[in-house]
Amino acid sequence: MTTGTPGTVDVARETTSAAHIGFDVGGTKIFGVVTDHAGAVQRTLREPTPAGAAPLLDALAAMAERLGAGSRPASVGVGMAGLITLDGRVTVSPNLVDVDGADVGSGLSDRLDMSVFLDNDVNCAARWEMSAGAARGVRNGVMVSLGTGIGGAFMLNGEVLRGSGGLAGEPGHMIVEAGGRLCACGRRGCWEMYASGSALDRMAVERLGEGISSRAVTAAAREGNAAALDVLDEFTYWLALGISNLCILTDPEMVVIGGGLSEDWDLLAPSTDEHVTALLIGRSAESRPRIVASEAGELSAALGAALGGAQSQSAALGGAQSHSAALGGAFSRVT
Ligand SMILES: [Zn+2]
């Protein structure tokens, strides 16, 4: 998706060194990355996320200036936590302060005097995983990002699903327990209340005592502590419950796990796989989807935003599908 006035992309300046800028706007920090035309990372920046829409837009414009280092970028893409409409508005973003309802796409487009690509952060991460990460070659997959909440993205027939208004792919708010725990969205029993990083923190305190963090639980589980392993078994059951629902809906080849807990995926995978296998219907163990960790870690959404911006700009310059596809295929892996 692009916002802003068509024709504002300056073709003559396309061959500058600062080619494609991508941002990942999260609740506490903004990651910025600039790549060359082949997608290789040139520079990265990390800044705290300010409160309010206008300060956020000012911060992004200033970061774009620094990432460009005096050169006008060919494209700018932004991945943001929250529900982002196709026309670039943030409808709800529970982790960003005073940004709900803001027209971030147009606001940033005006500040930079160019079209800006805007999408949900996990949609952006999924775009990168399909291009250069864990889901290379995958046409039908699901991404699940386990952090404070649970973000998600559907990869369908090689594209990231946006839905009729841009709001598709929010599995964290699937209700998995009717009348269950109260979620920040105002409803009860949402998946992220049981299978996010925050949910594991809560389980750690409830089962093992005050002050015990999820990090302490995973560390103890790695040493074979039975109580810690029990907590992880309960956690991975809830995780598998949601994953199996997503698999029954979309029949994916692969499920990519992102977010902070993906770092412990080697520990969580065996038990999650076991529960998913027990919960799935109509599949043999051989035909169930592979569940793997993201390969880009914290940069995947920023890189995916840069990729989305590059593809969107390429399409705006005349629908050069082959150029767009080649760029997507070449977008750099993080090393
Ligand atoms: Zn919810």
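Modeller: A strand is a DSSP run of E with at least two residues, and strands are numbered from the N terminus. The model discussed here is a predicted one.

Colleague: In which strand does Met 254 lie, and is Met 254 buried or exposed?

Modeller: The residue belongs to strand β11. A residue is buried if 20 or more other C-beta atoms lie within 10 Å of its own. Met 254 has 20 C-beta neighbours inside 10 Å. Met 254 of strand β11 therefore counts as buried.

Colleague: How many Å apart in space are Met 254 and Met 143, C-alpha to C-alpha?

Modeller: Beyond its neighbours within four places in sequence, Met 254 is in contact with Ala 135, Val 138, Gly 141, Pro 289, Arg 290 and Val 292. Met 143 is 111 residues away from Met 254 in sequence, yet the distance between their C-alpha atoms is 8.4 Å.

Colleague: Where does Asn 157 lie, and is Asn 157 buried or exposed?

Modeller: Asn 157 also has a positive phi, near 50 degrees, and is a residue other than glycine. Its place is the loop between β9 (150-156) and β10 (159-160). With 7 other C-beta atoms within 10 Å, Asn 157 is exposed.

Colleague: How are helices α3 and α9 oriented to each other?

Modeller: Two packed helices are described by the angle between their axes and the distance between the axes. For α3 (residues 121-132) and α9 (residues 300-316) the angle is about 80 degrees, and the axes are 7 Å apart. Angles of 65 to 115 degrees count as roughly perpendicular. The two helices are therefore roughly perpendicular.

Colleague: How many nonpolar residues does the contact of α3 with α9 have?

Modeller: Residues of α3 in this contact include Cys 124, Ala 125 and Trp 128, and those of α9 include Leu 303, Ala 305 and Leu 307. By class, the contact has three charged and four polar residues, and its nonpolar residues number eight.

Colleague: By what distance are the C-alpha atoms of Ala 305 and Trp 128 separated?

Modeller: Ala 305, in helix α9, is buried because 35 C-beta neighbours lie inside 10 Å. Not counting residues up to four places away in sequence, Ala 305 touches Gly 22, Phe 23, Asp 24, Gly 77, Val 78, Gly 79, Phe 117 and Cys 124. Trp 128 is 177 residues away along the chain, and the C-alpha separation of the pair is 8.2 Å.

Colleague: What percentage of the residues in the protein is buried?

Modeller: The secondary structure comprises ten helices and twelve strands. Among contacts with a separation of 6 or more, 64% join residues 24 or more positions apart. Of the 335 residues in the protein, the buried share is 47%.

Methods. Residues numbered from 1 in each chain as written. Predicted model: local features only at pLDDT ≥ 70, side-chain atom pairs only at ≥ 80, totals over all residues. Axes fitted to C-alpha atoms, helices over the stretch in contact; angles between N-to-C directions. Helix = DSSP H or I, 4+ residues; strand = E, 2+ residues; numbered from the N terminus. Parallel < 35°, antiparallel > 145°, perpendicular 65-115°, else oblique. Contact = placed C-beta atoms within 7 Å. Nonpolar A, V, L, I, M, F, W, Y, C, P; charged D, E, K, R; others polar. Buried ≥ 20, exposed ≤ 12 C-beta atoms within 10 Å, placed from the backbone.
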